[in-house]
Structures are given as structure tokens and as C-alpha cells.
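Open the model beside its sequence. Keep both in view while reading.

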Amino acid sequence: MIRLAFMGFRHGHIFSLLKHASENPRVRLVGACEEDPATRDLLQQNPAVALTHTSYRTMLDETGCDAVAIGDVYGKRGRLVIEALRRGLHVISDKPLCTSLAEYETIAALSRDHRLRIGLQLDLRDQGLIRHARRLVREGTIGDVHAVVVTAEHPLLKGSRPAWYFEPGAHGGTLNDIAIHAADLIPWMTGRSWAMIESARAWNIRTHDTPWMKDGAQFMAVLDNGGGVLGEVSYLMPDSLGYSLPPYWRLTLFGTEGVLEVVPTRATLWLARQGDKQPVELTPDDSTPGGYLDAFVDEIEGTPRPDSLTTETVLHATRVALLLQKAADEQMTRVRI
């Protein structure tokens with residue numbers, strides 16, 4: 001039984017992790033902390049959250065937890081993760097794990113040196129459509145993948161999105177926030193490795209009153225077989241349509257024997273192979289809700305499942321996303337991964 005304590009409820013994603021943890025028979029909730037007074041007031045209206053502490057360090061001192069779940073402001077997460085690891089605790093976090101490469105290096109070293117596990121809320125892996133697409137690619141259905149196009153267009157929703165997104169230093173970058181899913185999914189689905197970031201760009205489009213918030217983001221990268229990846233992960237979706245349109249998440253994989261497209265807002269996969277006269281639509285495999293949490297617990301218990309999220313894959317995806325952000329922020333090209 002893993003004793004899990006929660007730190008921070010400043011982003012809505014963490015409530016999904018809380019739900020899965022409360023329903024998981026291998027997890028026992030032992031504490032919940034929110035240091036921000038305004039957020040604590042809001043949480044009083046949420047029956048799913050039973051706050052026990054207003055101080056992170058006090059919670060770590062008093063609960064006897066084995067692991068900590070992090071859902072605070074992005075810019076604070078690295079510090080919170082490092083504090084937990086230094087106390088010998090495992091960590092699972094909403095993405096991103098941290099917002100700087102310096103934090104990443106400290107986190108990776110502490111995890112390695114003390115054999116501590118790190119999980120991340122990379123829940124796209126758990127969707128049936130994506131799991132089916134991965135299986136087809138790994139079975140060779142479209143041959144060797146040589147090009148991938150990914151879009152992850154989000155609505156800005158400035159009136160309802162957490163206000164701290166638009167505060168200097170709190171968000172940490174759109175590529176680090178959104179492109180981390182691509183950093184994780186593409187190697188997992190294709191069996192290829194990241195080789196190089198050709199270029200990346202982040203710029204201000206809609207948030208003119210907060211120019212430090214770069215709400216536009218794109219990247220171009222290379223895989224280890226010379227294949228290319230194009231990514232568009234801006235906040236340009238019409239707010240009125242929310243997350244309902246196909247560009248919210250669209251992953252198109254081009255192989256030597258065909259093309260496969262995954263759009264999680266649709267009910268089917270789209271597949272076209274060499275020799276086909278018409279593309280076919282395929283029903284998805286079963287989803288595995290909370291699979292990222294099961295993978296985290298499995299690894300702590302020493303029974304990781306093949307091809308599941310591990311500390312190694314979490315850290316690698318984190319590093320790639322941070323390198324994408326750095327390439328954009330510093331206008332760097334041809335960055336080796």
C-alpha cells in the first residue's frame with residue numbers, strides 16, 4: 001500500500017489524479033496541502049478534497065507518506081519535487097514536472113542516486129485510440145515511420161484558466177506545458193528515438209497585456225532514423241469551441257507502407273495503406289483510465305509492466321520538452337538530444 005499525500009490544487013488536472021488515487025486499492029491517501037489561501041477557500045466547496053495541511057513541509061513531517069502528488073503552479077513544481085526527493089519520497093506530478101533544465105538535472109540525480117520513482121500525468125497514453133494506434137505501428141502496419149505531424153491547439157480561455165498562467169515565471173513556457181505529450185508519445189508509439197531539435201519558436205499572439213506569455217508555439221525535430229516531426233501546440237483554438245475540434249489533438253504518422261491518423265475527439269482511427277483504394281476507420285482498443293498511476297505504483301513495488309511509463313521515460317520526455325522550450329526561448333537550432 002502506497003501512502004500518498006497531495007501538494008497543491010492550482011490546476012484542474014490534479015483532481016483527476018486525486019480521483020484515480022482515491023479509487024486505487026493499492027493507494028492510501030494520507031494528506032492534502034494547499035498553501036494558497038484563495039485556493040483553500042475555493043476547495044472548501046469541493047467535497048472530493050479533504051485538506052489536512054496549509055504547509056508543505058509540515059505535511060511531509062507529519063503524514064508519514066511514501067510519495068507525493070504535485071499539482072501546484074508550474075513554476076513552483078521543481079522546488080516541491082526536489083524537496084520530496086531529498087526526503088526520500090517518490091513523486092508523481094501533473095505535467096510539467098518542472099520548468100528549468102537546472103531543476104531537471106537535480107531531480108534526475110536525486111532519483112537516480114536514491115532509487116526514487118517519478119510518475120507523470122501523461123494520460124494520453126491511456127486512451128484507447130492512441131493505444132490502438134501504437135499497436136498498429138509496432139506491428140508494422142504502416143511500415144517504418146518517417147514523418148509525424150502533431151497538432152495540440154488549445155483554447156486560451158483567459159477568463160477561466162488559472163490566473164497564474166499569465167504571471168511572470170509561473171507558466172514556464174507553452175512548449176514545456178503542451179509538447180511534453182508529443183515528447184513522450186512519439187517514441188512510445190513509433191519505437192524511434194529523438195535525435196535533434198531542428199528549430200522551435202514561441203511568441204506572443206493573443207495575450208498582448210502579458211507579453212511574457214508566449215501563447216504561440218511550434219517546433220521541428222528529427223528522429224533517429226532521419227524522420228521528421230512537425231509540431232503546432234499554440235493557444236489558438238476558438239474559446240467558444242473549447243476542446244471539441246480535431247486540431248486539439250491530432251497525430252498523423254506517415255510510414256513507408258501507409259498513413260495512420262489519431263484524433264482523440266473522434267470515435268475511430270483513420271488508416272490508409274499502400275494499395276488501398278479507400279482509407280479505413282477502426283474502432284479503438286479499450287482505454288485504461290489512470291494507467292499512469294498504476295505504472296507509478298507498479299514501479300515503486302518493483303513490478304513495472306512492459307511498455308508502461310517509467311521514471312526513465314518520464315525524465316526523458318521532461319528533458320526533451322525543456323530542450324524544446326530552451327530552443328525557442330534562446331533561438332537555438334540543431335540542438336542535439
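The paragraphs below go through helices, salt bridges, the surface and some backbone details.

This is a predicted model, in which local features need pLDDT of at least 70, side-chain atom pairs count only at pLDDT 80 or more, and totals for chains, interfaces and linings use all residues. Residues are numbered from 1 along each chain as its sequence is written, and side-chain values use heavy atoms, with hydrogens and water left out.

Start with helix α1, residues 13-23. Helices (H or I, at least four residues) and strands (E, at least two) are DSSP runs, numbered from the N terminus. I14, L17, L18, H20 and A21 are the buried residues of α1. Here buried means under 20% relative accessible area, exposed means over 50%, and partly exposed lies in between (1.4 Å probe, protein chains only). The arc is that of the directions from the helix axis to the C-beta atoms. Their cover includes β1 (2-7), β2 (27-33), β3 (67-70), β4 (90-93) and α8 (291-300). Contact means heavy atoms within 4.5 Å.

Move on to helix α5, residues 101-114. Its 14 residues should span 20 Å at 1.5 Å a residue, and its end C-alpha atoms are 20 Å apart, which agrees. The expected span is 1.5 Å times one less than the number of residues. Which residues of α5 are buried? They are E103, Y104, I107, A108, L110 and S111. Seen down the axis of α5, these fall within an arc of 165°, so they line one face of the helix. The face turned away from that buried side carries the exposed residues A102, R112 and D113. What covers the buried side of α5 includes α4 (74-86), β5 (118-120) and α9 (311-329). After the helix comes R115, with a positive phi near 55°.

Now turn to the charges. The structure holds 25 salt bridges. A salt bridge is a side-chain nitrogen of Lys or Arg within 4 Å of a carboxyl oxygen of Asp or Glu. One of them joins R57 and E83, at 3.7 Å from N to O. R57 lies in helix α3 (residues 56-63) and E83 in helix α4, so the pair ties together parts 26 residues apart in sequence. R57 is exposed, at 54% relative accessible area. E83 is buried, at 19%.

D184 forms another salt bridge with R125, the closest N and O atoms being 2.8 Å apart. D184 lies in helix α7 and R125 in the loop between β5 and α6 (128-138), so this pair ties together parts 59 residues apart in sequence. Both D184 and R125 are buried.

K158 and D209 also meet through their side chains, at 2.7 Å from N to O. This pair links distant parts of the chain, 51 residues apart: K158 sits in the loop between β6 and α7, D209 in the loop between β7 (194-203) and β8 (216-223). K158 is partly exposed, with a relative accessible area of 31%, while D209 is exposed, at 55%. Salt bridges that share partners also join R26, D294, D298, E301 and R305 into one network.

Stay with the loop between β6 (145-151) and α7 (174-190), where E167 is found. E167 is partly exposed, with a relative accessible area of 42%. E167 and T210 are 43 residues apart in sequence, yet their C-alpha atoms are 7.7 Å apart in space. L157 belongs to this loop too. Its phi is near 50°, a positive value in a residue other than glycine.

V149, M220, L230 and F254 make a nonpolar patch of about 310 Å². Patches are made of residues with over 30% relative accessible area and no salt bridge: like charges are joined within 9 Å, nonpolar side chains (Val, Leu, Ile, Met, Phe, Trp, Tyr) within 5 Å. Accessible areas come from the Shrake-Rupley method with a 1.4 Å probe; for residues, only the protein chains shown count as cover. L230 is in strand β9 (residues 228-232) and counts as partly exposed at 45% relative accessibility.

Finish with the backbone. Most residues other than glycine have a negative phi, and most peptide bonds are trans. A cis peptide bond joins K95 and P96, with omega about 0°. P96 lies in the loop between β4 and α5. Q331 is not a glycine, but its phi is positive, about 55°. Q331 is found in the loop between α9 and β14 (335-336) and counts as exposed, at 72% relative accessibility.
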